[in-house]
Amino acid sequence: MAVASGQCVLPDSQKQLITSGLRVTARGDEWLVSNVTTYADCRAVRVSGCGRTNLGDARTLLTPFDRLRPPPSASGVSVVSRRRWLRRVSLMIRAAEPFGSLSTAATADIRLLPFQLEPALAMLRHARLRLLIADEVGLGKTIQTGVILQQLASDIDACRALVLTPAGVRDQWQEELRRRFALQATVADAQWLAAQTRDLPPDVNPWSLPGIYIASLDLVKRPEVLRALEDVSWDIAVVDEVHGAGLATARLAAADAVARTSRRIVLLTATPPDAEPLHFNAITNLGGGAGSRPLTQFRRSRTDAELTARRKSVFLPVRLSAVERRMHRLLERYTHLVWREAGTRADTRARLAAIILRKRALSSAASLCLSVRRRLLLLGSTPCAEEQQLLLPLHDEDPLDDGLPDSVIGASGLSDVALERSCLEEIAAVADKASRTESKVALLRRLLTRTTEPMIIFTEYRDTLVQLGDIVSRVRPLLLLHGGMTPRERATVRRTFNKSGGVLLATDAASEGLNLHERCRFVVHFELPWTPARLEQRTGRVDRLGQSRRVHEVMLVARHTCERLVLAPLLRRARTAAARGGSAARKASLTESTVASAVMAGVEAVEDARVDPPDVETLNLRAEAEAAVVELDAARRLAHADPAASSRHSAGGVVVTTGKAGRWGSVLVLVEVGLDRVDGRPVHRQLVPVLVESVPTRPSPLSAAVAHLTEEFLASQSSRVCAGAERSCREHLALVAARYRDIVRAVAAREHAIVDASPSAARRLVQVGLFDAREANTLAARRKATALALLETDDRLADLSPEQALRTTSRVVAVRFGWDLRT
């Protein structure tokens, strides 16, 4: 339990206060202190390595178990050569951390783009603790989240972060955080949770240990898992592909329960449900509550991000055979009858069956034949529940929807059963004949023989994928990606394809969120999706940041069908809008039901105008982000120029040098100005240069003489110099103090919200009386966990006083005698 923060004392005779910025020795190495947190019986000192053997390493040392001592010559005047003086000053610039800085991003393996830093600045500098990042597909939402996670992991001792993702992208998230940000994250799947429950004491919650956890939303929504999660407060919670948490679903309830116990919340989606206001409002209210600040939204296109679009889209018309055209005409006639009659009796299942049959016909004649025969078998039979094995409580993922549900395909369409069966039998016979020589399959085969490029072929349905797999495998090496595979099997396919290329046959449901651009730039849409958003999701697997080549996408469009008459014009308009600067939000404003109605009516689909909800705010931080990029680039150059400089840097004292012989101008003094809390914890640090008129005495070149002159100079001038430095940045310090208080108020409000959170969502998801015995057995452990959580919250609230005074500090850190403009 933390009782204070910011400082501790060195042992024995060296009674020096340890605060951030001090250099110490421990465990045989030298370290730079970044934070000190005091607990009831120990102190956690967060340090980073600054020696030759531990440079860049981060550790948390515990006193009194770790003996911290100051290194030799950690104070006083140090006279060095001009070259070494510049190196020391460079390190001081790198070590100074202004309030709200993104210093850790300088060490990340990412390309620094201003728009990707804006969400982090909004959260860490402007007190926006609930964010929605809804950028266009491929603009690096994972990178933007990683910047935030890396900075929080550095700033917060024992940081707890939870990332909720689709099960298929957990390993990808783990790889990205490790490779780009050096963050070690744990994939918290059912196997991990079972092992933790088995190995840990019964009163230890597996989620309560510090770290970054990556879990699937389908696992977390299980009541047994969610109950333990609600006992933990999180420093940050991230929900990836948040649009997948549908309205009034267990996924949405679980996401909200986790968000309500989190101090910071980041929601990610490339396809926000703008055309469904109730769903969109439910997403934007995750973790919110009465009196809370509206969620802050970032929604940028490639044009907004000032990135050049490099994509070539081709609509490739497919001339259908006479038997294929007859198949489509027969199906259109039948589905129009079903659509009209179902509308009179408000039968949504019959209409949905008609839509599925039309989509299956566009996918392939073989798929339509299977569906129609299945429908004939189910018509007139007694409806029964789906024969599906119940999921175990700790299952990582719900079944993916790329198959054909009997409950829909078997819905009765016409009141005249004989007429309906006659229509279906005729369609099945013609479809069977058409499936023997399909025009789209023949065109795809020719396309495969004309290029050796790695290629992704997308289809919506799994049985179409299986049919195409038999054909494609005879021409090119083939990989399959579909909803019948486990998340680990899909992750293996992703890694294999990114490493070796070839041809990947994938369904939409199985490929969502995957990065497949490392070797591939060629996408084929075997059938057109019925919304622009889904088309963008497909191509976005390869057209994303990091793609070094021009992306090519080919859309196979069947002539004389709704693909040619309705879908192709719709998608062509979406592509044109994107090329002219239209955002991804414009693509998401058209629902599949609207498109389906247009297809059935044979008319053009019209997009709905999108209006941002009034309770969502936007924030333009482009100027601040551009300045941050300049600072981070400079820090990277300094680190690259002399990566071992920190091993020679002494955090205390003043470093001094002189000008060249014969040159004696003014004195350049570098002053470190900062804001500290009253408990000594630093809030802000910056270096301020001050130019002082030349001193009357010119020193001897001997180091002792220069050191003596420096001491005299500091004794007579340091107070005036420091006061001048503080005056020069008074307005900026006032702004920093105001922003700091805003952050403290916002975090304190979240702490109060966590305490006042609504009753357990896990209990609402469990039937009454179902787990009474288990509740009785775990009641004591839950009470203990709740008591510890409340103590932790009390400590945080005591530490988060917005009225706590900040004091200005300043000290001289570097002096150069003989400075003039020529130097």
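Predicted model: local features only at pLDDT ≥ 70, side-chain atom pairs only at ≥ 80, totals over all residues.
**Asp66 and Arg27**

I started with Asp66, which is buried at a relative accessible area of 14% (buried is under 20%, exposed over 50%, partly exposed in between, with a 1.4 Å probe and protein chains only). Asp66 makes a salt bridge to Arg27, with the closest N and O atoms 2.9 Å apart (a salt bridge is a side-chain nitrogen of Lys or Arg within 4 Å of a carboxyl oxygen of Asp or Glu). Asp66 sits in the loop between strand S7 (58-63) and strand S8 (77-79), and Arg27 in the loop between strand S4 (23-26) and strand S5 (29-39), so the pair ties together parts 39 residues apart in sequence. Helices (H or I, at least four residues) and strands (E, at least two) are DSSP runs, numbered from the N terminus.

Residues are numbered from 1 along each chain as its sequence is written, and side-chain values use heavy atoms, with hydrogens and water left out.

I got a count of 44 salt bridges. Arg300 is buried at 6%, and Glu118 is buried at 4%.

**His279**

I found His279 in helix H9 (residues 277-284). At 7% relative accessibility, His279 counts as buried. Leaving aside neighbours within four places in sequence, I see His279 in contact with His243, Ala245, Gly246, Leu247 and Pro273 (contact means heavy atoms within 4.5 Å).

**Cavities**

I searched the whole structure and got three cavities of 30 Å³ or more. A cavity here is a set of points on a 1 Å grid over the protein atoms alone where a 1.4 Å probe fits but cannot get out, and lining residues have an atom within 4 Å of a point. Points are joined across faces, edges and corners, and a volume is the space filled by probe spheres set on them. The largest cavity comes to about 100 Å³. I listed 14 lining residues for the largest cavity, with Leu320, Glu324, His328, Ala361 and Glu438 nearest its centre. Helix H10 (322-344), helix H11 (348-363) and helix H15 (439-449) each supply at least two residues of that lining.

Definitions and conventions
1 Å grid on protein atoms, 1.4 Å probe; cavity = no way out; pocket = protein on both sides within 12 Å on 5 of 7 lines; lining within 4 Å.
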